[in-house]
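My entries follow the structure.

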Number of protein chains: 2
Amino acid sequence: MIDLLQDQLAHIDADQTWLVGVSGGRDSVCLLDLLVRAGFSNLVVVHVNHQLRGEESAGDAKFVEQLARHHGVDFYSESVDVQQLASIQQKGLELAARETRHEVFAQAMAKYDAAGVLLGHHADDQAETVLYNLLRGSNGLKGMRFENAVKVSGISLMFLRPMLTIRRSDIDAYVNEHGLAYREDASNAEGFTARNRLRKEVMPLLTDIMKREVVPQINTAAESSMEQADFFTNEVSLESFLDPQGRVFLPALSEAHIALQQSILFQYLKVQGVPELSRSVVMSGLEICDSSAPAKVNLPGGNWLRRKEQRLFVQRA
Amino acid sequence: MIDLLQDQLAHIDADQTWLVGVSGGRDSVCLLDLLVRAGFSNLVVVHVNHQLRGEESAGDAKFVEQLARHHGVDFYSESVDVQQLASIQQKGLELAARETRHEVFAQAMAKYDAAGVLLGHHADDQAETVLYNLLRGSNGLKGMRFENAVKVSGISLMFLRPMLTIRRSDIDAYVNEHGLAYREDASNAEGFTARNRLRKEVMPLLTDIMKREVVPQINTAAESSMEQADFFTNEVSLESFLDPQGRVFLPALSEAHIALQQSILFQYLKVQGVPELSRSVVMSGLEICDSSAPAKVNLPGGNWLRRKEQRLFVQRA
């Protein structure tokens with residue numbers, strides 16, 4: 001498996017300082033081991049204790065601290081009562097936990113002046129994420145990226161996922177082969193009910209039904225979908241569809257492919273600060289392009305999209 | 001529900017002759033009833049007996065014939081031992097059954113000079129199809145279209161699916177409300193093991209896990225994905241990336257977005273008659289664009305893709 005990883009690790013400068021997110025579970029323990037063997041010399045193990053499993057959670061933190069010492073690398077940890085935080089902030093547990101981890105990473109980033117954060121997500125995680133996002137209403141298929149950046153408290157966090165194309169079974173094999181110790185349930189600390197059930201009930205059922213591995217199929221489809229979506233997000237120029245007053249010029253829009261029309265109107269509404277943009281908002285906006293349709297439609301935030309003199313524009317309430 | 005359908009039916013000329021695929025199951029019985037009430041005056045009920053459920057299959061055919069008579073419309077039917085056909089042609093049962101239906105529709109089309117075929121697929125069928133295609137390795141998400149054309153034995157068959165946005169629960173309600181008789185298992189005649197298990201095991205499990213309806217989410221994501229894929233299939237011009245000798249001009253290709261690169265190379269390889277094109281074939285083709293990479297790569301069918309003088313071209317074996 002380490003061969004499979006070499007391509008990915010070759011893109012990462014092993015001499016820079018990197019944070020590694022380590023829950024103590026199999027995947028992150030494996031990642032840390034691989035990084036150390038690959039010659040990463042300035043690692044900082046970062047562990048967040050979500051306090052979701054009481055004594056067990058404290059045990060995970062202790063275990064990860066010892067693991068860091070064993071590898072001779074720095075250890076940075078925070079303990080946060082995520083359950084309480086979620087209830088105070090009236091957020092979902094999953095969101096509160098993710099934001100907490102991001103905060104802790106941002107603190108460690110500042111302290112160590114690190115280049116970024118390495119995470120142990122693998123191909124099976126990716127397929128579960130794609131499925132989860134699909135069921136929650138993603139526009140097309142959406143998974144994790146090998147690399148993404150998040151701004152937290154003014155600090156730009158770069159996350160890298162070098163194991164994203166590696167199967168869980170390969171990680172298991174590696175962990176067994178090298179006799180690595182890990183904490184059995186630690187990686188589920190961030191796995192909440194729906195995600196856990198997708199992993200434990202749905203994925204095995206799908207594999208059984210299709211009589212083949214489904215993870216590679218899901219991930220390949222997602223890659224393709226994400227690349228195509230990226231084109232419409234980043235490569236379609238809004239400007240060429242605007243008139244000198246900055247309104248959408250309908251004769252140009254109407255001639256474009258439906259996927260381009262959506263991209264244009266989405267970008268325009270976003271620039272105009274219209275909140276809660278979704279596919280259905282964009283689609284109902286496109287319906288008024290037709291001169292036989294009503295000349296305006298409601299937008300989220302109490303504004304309207306209006307059609308007048310062959311232009312579309314946002315009219316404030 | 002009939003309100004929801006009116007939009008769709010308004011696009012279909014009720015005075016033309018239409019074939020209606022009727023298995024005798026709930027969905028197609030509902031469609032036939034709706035069409036008759038909507039004033040479609042020249043319908044031909046088409047039924048294919050796949051002989052997969054013995055006496056039951058014969059009973060379905062009899063039932064559909066009586067239903068057609070009840071509505072005062074023409075009836076066209078064929079009985080084909082699909083199991084035997086599949087084994088003779090060494091094809092999967094599902095494929096053999098579909099090809100058989102297409103053949104029968106083509107015969108009926110010729111006999112009645114019909115405008116097309118109306119089918120009873122609904123939103124839940126669509127979500128199952130999308131999931132099934134995803135698990136089999138579709139490029140992005142792929143479902144059925146409201147309208148598609150298939151060429152069979154020289155005859156162009158146009159299929160329309162006016163119920164594609166209607167939920168199964170709405171169909172159930174309509175069927176109950178109007179006391180329509182139907183054959184319990186008839187619509188499963190074409191539902192083979194994997195598809196049936198997705199319907200009966202996976203979809204309810206997903207709805208339970210997510211604690212919300214998942215069919216609308218899946219279908220919305222698929223619509224978006226299909227529109228974007230359509231752009232790359234139909235709107236990206238291969239010609240502008242070719243040199244006067246018809247080879248792919250690398251400096252132009254290299255500057256394009258990855259999704260455009262894939263579209264271009266896919267189209268080029270298709271035009272060159274390379275068989276078994278898949279995402280992985282295209283991706284490995286794109287890898288040789290880099291001048292530091294090997295200058296050729298194997299293609300299916302024993303050909304090579306070569307890079308030479310800043311061009312890519314197919315070299316025959």
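Entry on Arg168(B). This is a predicted model, and I began with Arg168(B), which is partly exposed at a relative accessible area of 21%. I noted that Asp125(B) is buried, with a relative accessible area of 7%. I found a salt bridge between Arg168(B) and Asp125(B), with 3.7 Å between the closest N and O atoms. Arg168(B) belongs to helix 7 of chain B and Asp125(B) to helix 6, so the bridge ties together parts 43 residues apart in sequence.

Entry on Glu128(B). I looked up Glu128(B) and found a salt bridge to Arg199(B), the closest N and O atoms being 2.9 Å apart. Glu128(B) sits in helix 6 and Arg199(B) in helix 8 of chain B, 71 residues apart, so I wrote the pair down as a link between distant parts of the chain. Both Glu128(B) and Arg199(B) are buried.

Entry on Glu213(B). Which side chain does Glu213(B) meet in a salt bridge? I found Arg167(B), at 2.9 Å from N to O. Glu213(B) is in the loop between helix 8 and helix 9 of chain B, and Arg167(B) is in the loop between strand 6 and helix 7, so this pair ties together parts 46 residues apart in sequence. Glu213(B) is partly exposed at 43%, whereas Arg167(B) is buried at 17% because the cut-off for buried is under 20%.

Entry on totals. I noted 42 salt bridges over all chains. In chain A, shared partners join Arg53(A), Glu56(A), Asp60(A) and Arg183(A) into one network.

Entry on cysteines. I found zero disulfides over all chains. Cys30(A) counts as buried at 0% relative accessibility, and Cys30(B) counts as buried at 0%.

Terms used:
Residues numbered from 1 in each chain as written. Chains lettered and ligands numbered in written order. Predicted model: local features only at pLDDT ≥ 70, side-chain atom pairs only at ≥ 80, totals over all residues. Heavy atoms only, no water. Disulfide = S-S within 2.5 Å. Buried < 20%, exposed > 50% of the residue type's maximum accessible area, 1.4 Å probe, protein only. Salt bridge = Lys/Arg side-chain N within 4 Å of Asp/Glu carboxyl O. Helix = DSSP H or I, 4+ residues; strand = E, 2+ residues; numbered from the N terminus.
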